[in-house]
Amino acid sequence: MGLAQTSSSGSYQINESFFGTGGEVNTSSSSYQAQGAAGSLGVGESGSSNLDTVAGFIEPSDEYLEMVVNQATIDFGTFSIGSTATGSGTFHVRAYINGAYSVITMSNPPTSEGGAALNGMSVPATPTTGQEQFGINLVDNSSPNIGANPALIPDAAYANGQAATGYNSANNFKYVVGDVIAQSGAGRAWGQTNFTISYIANIANTTPAGLYVMNHDLVVIATF
Amino acid sequence: MSFPGKLTSRFGRLARLFQAAILLLVGLLPLITSGGQVSAAQLTNRVVAVSTSQAAATGVAWDFEFDFTSTDVEGIIFTYCDSPVSTCVKPTGLDISNDLTSVSGQANFPANATAFVEVAANTGDCSDTGIAVTVTMYCVNRTSATAGVGTDASLVINAVINPTVASTYTTVYVRISLYDNSTFSNSGGAGNTLVHSGVVAATMVNQLTVSGRVQERLVFCVGALGDIESNPTDCTTGNGFPTDTTVDLGVIDNTTIARSPVNTGATTSADDDYGVAMVNTNAVNGVVVTYYAEAASSGSNQLRNFRVSGTTCSVTISSLTDQCFVAADDTNGETFSAGTERFGMQVTCIVSNQGIGTTNNLEGVPDKLNNVDDDVDGNTATDCEDTDTGNEFSWNITGTATTVASSAGSTDKVVDDELIKLRFGATASATTPTGVYAVTTTFIATATF
């Protein structure tokens, strides 16, 4: 048992409880409910009308933040005015319960060697061929058939990351530099969430020739 | 921390001693784990936002923001470590040495007008700062005895070099310490106290590289378009671009100025055509359309003039008695006067985004070709070949291509099916010999990608 998060009721108080050593545990009665996990950063929150508990191995008083962008090249190939180019990449954020987090996209849209940048989609919209567009979202799409919804590892009991507004609607894409594209859910941030970024691009007749490149700079900002 | 009395009343003395020991241990735990910041209150809503998470990036701004309860803040230490607690180890590659970094963006501190300045040498708890790349601390101070609450108090440390990414990510934990004195003293008592502390985190990560290629494109076509025909919408015949390439001015005499399109009539061979050239390119640096007159394959002298095939013209280009027309001045253009032998070309307008393409970037028509209004863009009529008045023409007899129009001077330089309308004009002198006069013109579109 470690000492960190406080649980209390009118009768007693527990300072950070840790339950069990293996797998998810769901224990409940009319008075309390608890969840625990084995392994580093297996965390969970639970609550009832009488108390809240937080389970895990890392002291909640210690700040923790982890973000991994799985390095990859998303190559659209040669753009065609008649079809939408697509691609995807992945990253994950892992946090403990001591704050909220947001993931911000910092890069300009793909830009050519001549300095021309594809038009970022300022509002969520479906892709339109023949119209210069660059957009992303972080959910599962059917048209085009790319992407995946945020994956809570191992499930919603242990993580609460989500796609942000504007980037959370299937088949609708957006790209504005500085936007929050992903974030922790309501309350505190906890657990590991795997995100898939879906990219789409269209060109117009007027899109200048060139090789368009974007080194996607994703910044996670955690508030403790 | 409290234990309910109902529970503790059941313990004996030994249990109470054990409990006291536990309480003592718990009380000391923050001291053990937070590097001596036992008396400091916690900074809340604390965050750091980096301007980029790129590994080893230079010139990075680290923007700190936090809240604190009422206090006098005269010194702040930012300690960059690879963990939130215990011994501080500088993340590999990170550089916050104070010959590199600077402080700015101070906001919402008590007495905020009194700025924090960088502390260049070790002082008090600021024990690892300086110009060495190995330092872990960046310290700032000021002298201000004004206490106050800090809400969204912020400060930016600029020009940091980010750490490298070990394997997949590197998290930097910055331990922030606020002092009520400018010497970073924590010896105790007012004016010698570490008053607030807290840790924030930023993660350096790999980047996703997104790329795609837009292929170079240049479509250019030239033709003779009938006056009654609609404007073509692109260079394909299916969309109205003519296959005809002859503009016939019909009968040229010394009483009028023949200007294409010259209406077809019973007494003239005129074909009611005018010249057109259309461009479509995605060249980012624009396109330049030029022209020159082809040299006649037979005859001699004035081979690039409007002339009778095979004839020998005068070596004097201003001759009004040979079978070569006098070329309109190609330096400044020349306004024709009926009866004074001249031949030339003008641009009546460029039809751009008037229902054809989507751009309006082709311009740069030199004055000599720009008719008397000197404004092809100002003539917005799509049938400007009929409505554009004026008889200023020029003609290039040098054999070197000269500019007709260009998008290189436009802000946006790509050209989407913009149509240049060309007028040819001629008038004869009383002495101009009879004959069938002709000249072939070559147009060139040069795109710069």
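Visitor: What distance separates the centres of domain 1 and domain 2 of chain B?

Guide: Domain bounds are taken from an automatic or database domain assignment. Here chain B is divided into domain 1 (13–205) and domain 2 (213–449). Their centres, taken over C-alpha atoms, are 73 Å apart. Please bear in mind that this is a predicted model, in which local features need pLDDT of at least 70 and side-chain atom pairs count only at pLDDT 80 or more, while totals for chains, interfaces and linings use all residues. Residues are numbered from 1 along each chain as its sequence is written, and chains are lettered from A and ligands numbered from 1 in the order in which they are written.

Visitor: What radius of gyration does chain B have?

Guide: The radius of gyration is taken over C-alpha atoms, and the globule rule is 2.2 Å times the number of residues to the power 0.38. For a compact globule of 449 residues the value would be near 22 Å, but chain B has 41 Å. The C-alpha trace of chain B spans about 135 × 45 × 40 Å along its principal axes.

Visitor: How many helices and strands does chain B have?

Guide: Helices (H or I, at least four residues) and strands (E, at least two) are DSSP runs, numbered from the N terminus. Chain B has three helices and 23 strands, and chain A has zero helices and 17 strands.

Visitor: How many residues of chain B are in contact with chain A?

Guide: Two residues are in contact if their C-beta atoms, placed from the backbone, lie within 7 Å. In this model 46 residues of chain B are in contact with 52 residues of chain A. Strand 11 of chain B gives the most to the side of chain B that touches chain A, namely seven residues.

Visitor: In which sense do strand 8 of chain A and strand 11 of chain B pair?

Guide: Strands of a sheet pair through backbone hydrogen bonds, in either the parallel or the antiparallel sense. Two strands are said to pair if DSSP finds at least two bridges between them. Strand 8 (residues 72–78) of chain A and strand 11 of chain B pair in the parallel sense over five bridges. A:Ile74 stands opposite B:Val210 in that strand of chain B.

Visitor: Which strands form the open sheet in chain B?

Guide: The order is 20-15-23, with antiparallel pairing. Strand 20 (402–406) and strand 23 (441–447) of chain B are at the edges with a single partner strand each, so one side of each has no neighbour in the sheet. Strand 15 (residues 287–293) of chain B is joined to strand 20 of chain B by four bridges. B:Thr290 stands opposite B:Thr403 in strand 20 of chain B.

Visitor: Is B:Asp95 buried or exposed?

Guide: A residue is buried if 20 or more other C-beta atoms lie within 10 Å of its own, exposed if 12 or fewer, and partly exposed in between, with C-beta atoms placed from the backbone. B:Asp95 counts as buried because it has 21 C-beta neighbours inside 10 Å. This residue is found in the loop between strand 4 (75–81) and strand 5 (102–107) of chain B. Leaving aside neighbours within four places in sequence, B:Asp95 is in contact with B:Leu100, B:Val133, B:Val160 and B:Ile161.
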